[in-house]
Amino acid sequence: DLTHIGDAINALLEQTRTLTELDLHANPLGGVTVSLISRGLTANGTLRVLKLQLTRMGDQGAVPLAYAALSHVSLTELNTSDVWNDKRVDGPRVEGRGSAALLHTLTRSPNLNKLEMCGNIIRGGDAMSSLEYALTQRDVLTHLDLSGCGMGDRDMAAFSEALAQSRSLCKLILGCGSLQTE
């Protein structure tokens, strides 16, 4: 149980006024610990980059993280990838509610311009609606990594239409089996 680590990082984020990047990748933090870290994120006004790839957060950590990111105006980069350097996370993955919540941050977060969700499962519904909105209605998103997200034919058709209307996207990564046939 790494909740003591979550409490410590939560306290660090609440108290520091100089930390601009936090990289916790490849630590088996789990959903509860990432949820604790998210609480500190809401109080921090300086963090710009947060890297949480391969942390086994699953939806349990992704949902509170997404809500914290919504209120964090200085955050410009967020990485929640379940795959990194061709390694897939062992344990809970971000999918369903977690992916939808993270993509929802793109619709409202004022400065989030880089989102990496490699290996997070994105299929239909709220997740695709948020992604489409972020691409067509926002001028902030410049970098998006959806490698290995398993989007099906219908999702890719909607994504393609939204992509054609994108106002700011400069870099799009769809490697590692992102595209699936239904």
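**Exercise 1. Determine which strands each supply at least two residues of the lining of the largest cavity.**

Solution. In this predicted model, local features need pLDDT of at least 70 and side-chain atom pairs count only at pLDDT 80 or more, whereas totals for chains, interfaces and linings use all residues. Residues are numbered from 1 along each chain as its sequence is written, and side-chain values use heavy atoms, with hydrogens and water left out.

Step 1: a cavity is a set of points, on a 1 Å grid over the protein atoms alone, where a 1.4 Å probe fits but cannot get out, and its lining residues have an atom within 4 Å of a point. The lining consists of Val49, Leu50, Lys51, Glu77, Leu78, Asn79, Lys114 and Glu116.

**Exercise 2. Describe how helix 2 and helix 3 pack.**

Solution. Step 1: for helices (DSSP runs of H or I, at least four residues), axes are lines fitted to C-alpha atoms over the stretch in contact, with angles from 0 to 180 degrees between N-to-C directions. Helix 2 (residues 30–43) and helix 3 (residues 58–70) pack at an angle of about 5°, their axes being 7 Å apart.

Step 2: the two helices, helix 2 and helix 3, are therefore roughly parallel, a term for angles under 35 degrees.

Step 3: in contact (heavy atoms within 4.5 Å), the residues of helix 2, including Val32 and Leu41, meet residues of helix 3, among them Pro64 and Leu65.

Conventions:
1 Å grid on protein atoms, 1.4 Å probe; cavity = no way out; pocket = protein on both sides within 12 Å on 5 of 7 lines; lining within 4 Å. Parallel < 35°, antiparallel > 145°, perpendicular 65-115°, else oblique.
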